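Have a look at the sequence and the fold before reading on.

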Amino acid sequence: MIGYGPSPSPVAEIRFLALGDSYTIGEGVAEADRWPVRLAAMLRARGVRVADPKIIARTGWTTDELSAGIDAARVDSNYDLVTLLIGVNNQYRALSDEEYRAQFRALLARATAFAGGRASHVLVVSIPDWGVTPFATGRDRPAIARSIDRFNAVNREEATAAGAYYADITSLSRRAAKDPSLVAADGLHPSATMYASWLDVLVPLALRILS
């Protein structure tokens, strides 16, 4: 006689937390065009059962302001994928590299805790170069690029030391210097087209993390 056991439990949805600033909340684009939202959609299209991302991000946030925002949100620690993109406002306000390093390291530790202590489930995204946008007209664009590169050297070093994944989208952001379609109507933030280009980098890394 063949016995019948209980029905298998449905596969739990993968939980996705995105931490950052205007680039993560998608200032200047529709909600559906935010890169965390599009990343989740593209993962689903590849058969990954992922929930809508929880986004903790706000335009203008620096590292310490993101940390305060996380405190206010009372985030739990059951996420399968955590992304972290932060630092452009530290750079814009001329805050020091040393302060950025200390605060970024603390945020990366928090991101790892939200991923259940698994640094390999954290994806750090590099800071785009706003110096190529119309907003930067009249400013020292090469100096902005050098400063962005210094901040990105810090977040890459910290991600590598922690064992997190790293996505370099800065070179993609610099294409906006010659292609105005890559900049949103505000003249500063990425357009939906720009965010879509980032996914060529982000989707393979996310799939590797979740495999």
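Is D149 buried, partly exposed or exposed? D149 is partly exposed, with a relative accessible area of 38%. Here buried means under 20% relative accessible area, exposed means over 50%, and partly exposed is in between (1.4 Å probe, protein chains only).

Some ground rules. This is a predicted model, where local features need pLDDT of at least 70 and side-chain atom pairs count only at pLDDT 80 or more, while totals for chains, interfaces and linings use all residues. Residues are numbered from 1 along each chain as its sequence is written, and side-chain values use heavy atoms, with hydrogens and water left out.

**Charged pairs**

Side chains of opposite charge can pair when their charged atoms come close. The structure holds 13 salt bridges, each being a side-chain nitrogen of Lys or Arg within 4 Å of a carboxyl oxygen of Asp or Glu. Among them are these:

| Salt bridge | N to O distance |
|---|---|
| D97 and R150 | 3.2 Å |
| R174 and D129 | 2.8 Å |
| D149 and R174 | 2.9 Å |

Start with the D97 and R150 salt bridge, at 3.2 Å from N to O. This pair links distant parts of the chain, with D97 in helix α5 (residues 97-114) and R150 in helix α6 (residues 141-162), 53 residues apart. Helices (H or I, at least four residues) and strands (E, at least two) are DSSP runs, numbered from the N terminus. R150 is partly exposed, at 42% relative accessible area.

With D129, the closest N and O atoms are 2.8 Å apart. R174 sits in the loop between α7 and α8 and D129 in the loop between β4 and α6, so this pair ties together parts 45 residues apart in sequence. D129 is buried, at 4% relative accessible area, and R174 is partly exposed, at 27%.

The other partner of R174 is D149, with the closest N and O atoms 2.9 Å apart. D149 belongs to helix α6 and R174 to the loop between α7 and α8, so here the tie spans 25 residues of sequence.

**Helix α2**

Which residues of α2 (residues 35-45) are buried? They are W35, P36, L39, A40 and L43. These residues lie on the same side of α2 because they cover an arc of only 140° around the axis, the arc being that of the directions from the helix axis to the C-beta atoms. An α-helix has 3.6 residues a turn, so residues three or four places apart point the same way.

The cover over the buried residues of α2 includes β1 (16-20), α1 (22-25), β2 (54-57), β3 (81-85), β4 (122-125) and α8 (192-210). M42 is also in α2, but counts as partly exposed at 26% relative accessibility. Setting aside residues up to four places away in sequence, M42 touches L199 and V203; contact means heavy atoms within 4.5 Å. After α2 comes G47, which has a positive phi near 90°.

**H189**

H189 is in the loop between α7 (170-173) and α8. H189 is buried, with a relative accessible area of 7%. Its side chain makes a polar contact of 2.7 Å with the side chain of D186. A polar contact is a pair of N or O atoms within 3.5 Å; within protein, one must be able to donate a hydrogen and the other to accept it, and residues adjacent in sequence count only if both atoms are side-chain atoms. Leaving out neighbours within four places in sequence, H189 is in contact with S22, Y23, E27, L182, V183 and A184.
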